[in-house]
Amino acid sequence: MSRLVVLSNRLPQAGRTAQAGGLAVALADALRPGSLWFGWSGRISTDTSLQSHDERGVTHVTFNLSEAAYRGYYTGFSNNTLYPLLLFRLGLMRFRADEFMCYEAVNNEFASGVLPLLRDDDLIWIHDYHLMLVPAALRAAGKRQRIGFFFHTPFPPPEIFGVMPRARTLLNGVCGADVIGFQTASDRDGFLASATSMLGVRVDRENRFFYAGREVRTLVCPVGIDADDFARTARDASRRLPTERLRQSLHGAALLFGADRLDHAKGLPQRVDAYDLLLSRYPEHRRAVCFLQVAAPSREEVAEYRRLRRELDERVGDLNGRHGEADWIPLRYITRATPRTTIAGFYRLARVGVITPLRDGFGLGAAEFVAAQDPGDPGVLVLSRFAGAAATLDGAILVNPFDSEAIAEALHVALTMPADERLARHERLLDRVRAQSAADHARRFLDALAGVGAQVEELSSV
Ligand code: F6P
């Protein structure tokens, strides 16, 4: 059997239980013992040599980034240029040629670092926008292994993607892969339209194309979670101290809950505004509800993230100042990374899960909220139409995340929803979350990738 080699920007730091971000969750089921996981340690140091250690049978090979690489590749081009662009936030994109050169250099270092570790029949699976040039760099080094690439973020249409000065180079880089995976059909459409207009490829009916003498396949394959396992975690967590203390502190108030990275794409200011409107328009909810928002700090070297943090500090304070009472704080706001198990308990306790990103690849929190609910008395999911999860999670109340008034109305509907409708919606949602597990995501992607080898053998045996 082929060995799986995963490349991602960052590996989880050993000993840290609070990991922010969907990639680590999505990969947990793919990485079986015997696999290799290669990427940045998450540390900055002048020592950038490779370090290797074993975690439950998976070999982790990591390296530190130099200060310059961290600034140019990670903070700069990845998070100041590419991420806003992929999230449709053109106004936040800032392009600097020197940062692109640094991104190119670090992508080449990823490729040259992993090269000596590769075996001929490895399946190589590269993740996320940080590493778009790695597939072509491996091909340029003569590597013929099967290479897959998965976009955890959305992918915009060419009218947006093409604005970025090095868009063509990036597309060329990804097209070194044999299989390119996306969270939704519209992300795949955006990519294929970009490749058509910028690389001149001709896409066939099966969404494949030839590029640089090789066939490139595309696949819609959304991430997921292990629903039953997460439900168990949530049940256990709901009996432990953090959830128990939260329950007691609510004095019977209904909990609205959101847990996100503190990121400009998550729609947090609009969410705070919506809650503000809810309390003004529907005074019956005053003292009867409490909103808890966990916002794990993220990418704090990027100016927009620091600006957002200040804005939220102000808005949360303003809301609590105007609506709060001596014995009732309407909005509780935590800006610390919080263990996933604790979050699971909070999801279970919540009457309403509020997942309203302005745009998101998938939005795994939506699946986690659904799985965590008590099936006999479930809460209601209020979900952004622009989260990848909305394409599959039938049963949520869908909202336009830019429209705080619409979110406020949806929160009211969720808080007053009769039990039979809550039960019916949750049943549909749970079916979907169960049918789309993390293991299925990995299996579908890796089956497609393994199939590439079969095709090469078929062709060569003719
Ligand atoms: O949402 C995009 C993404 O790159 C995820 O794939 C990842 O888990 C998360 O952001 C965390 O990003 P960072 O490593 O920048 O904290």
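This is a predicted model: local features need pLDDT of at least 70, side-chain atom pairs count only at pLDDT 80 or more; totals for chains, interfaces and linings use all residues.
A polar contact here is a pair of N or O atoms within 3.5 Å.

**Stop 1: the whole chain.** Show the C-alpha trace first. Along its principal axes the trace spans about 70 × 45 × 45 Å. The radius of gyration is 22 Å, which agrees with the value near 23 Å that a compact globule of 462 residues would have. Switch to a cartoon, and the secondary structure comes to 16 helices and 15 strands.

Stop 2: Select the ligand and the residues around it. The shell holds 11 residues, and the closest are Arg10, Leu23, Tyr74, Asp128 and Arg299. Coloured by class, the shell divides into 3 nonpolar, 4 polar and 4 charged residues.

- Arg10: a polar side-chain atom lies 2.8 Å from an oxygen atom of the ligand.
- Tyr74: the distance from a polar side-chain atom to an oxygen atom of the ligand is 2.5 Å.
- Arg299: an N or O atom of the side chain is 2.8 Å from an oxygen atom of the ligand.

How much of the ligand's accessible area does the protein cover? On its own the ligand has 390 Å² of accessible area, and the protein covers 88% of that.

**Stop 3: the largest cavity.** The model has 4 cavities of 30 Å³ or more, and the largest contains about 70 Å³ of space. To find the largest cavity, select Leu268, Arg271, Val272, Tyr275, Phe291, Gln293, Leu312, Val316, Leu331 and Tyr333, which line it. Two or more lining residues come from each of helix 10 (268-281), strand 11 (289-296), helix 11 (303-323) and strand 12 (331-334). Which element gives the most to this lining? Helix 10 does, with 4 residues.

**Stop 4: the lining by class.** The lining has 8 nonpolar residues, 1 polar and 1 charged.

Key:
Residues are numbered from 1 along each chain as its sequence is written. Side-chain values use heavy atoms; hydrogens and water are left out. A residue is near a molecule or strand if one of its heavy atoms lies within 4 Å of it. A polar contact is a pair of N or O atoms within 3.5 Å; within protein, one must be able to donate a hydrogen and the other to accept it, and residues adjacent in sequence count only if both atoms are side-chain atoms. Accessible areas come from the Shrake-Rupley method with a 1.4 Å probe; for residues, only the protein chains shown count as cover. Ala, Val, Leu, Ile, Met, Phe, Trp, Tyr, Cys and Pro count as nonpolar, Asp, Glu, Lys and Arg as charged, and the others, Gly among them, as polar. On a 1 Å grid over the protein atoms alone, a cavity is a set of points where a 1.4 Å probe fits but cannot get out, and a pocket is an open set with protein on both sides within 12 Å along at least five of seven lines; lining residues have an atom within 4 Å of a point. Grid points are joined across faces, edges and corners, and a volume is the space filled by probe spheres set on the points. The radius of gyration is taken over C-alpha atoms; the globule rule is 2.2 Å times the number of residues to the power 0.38.
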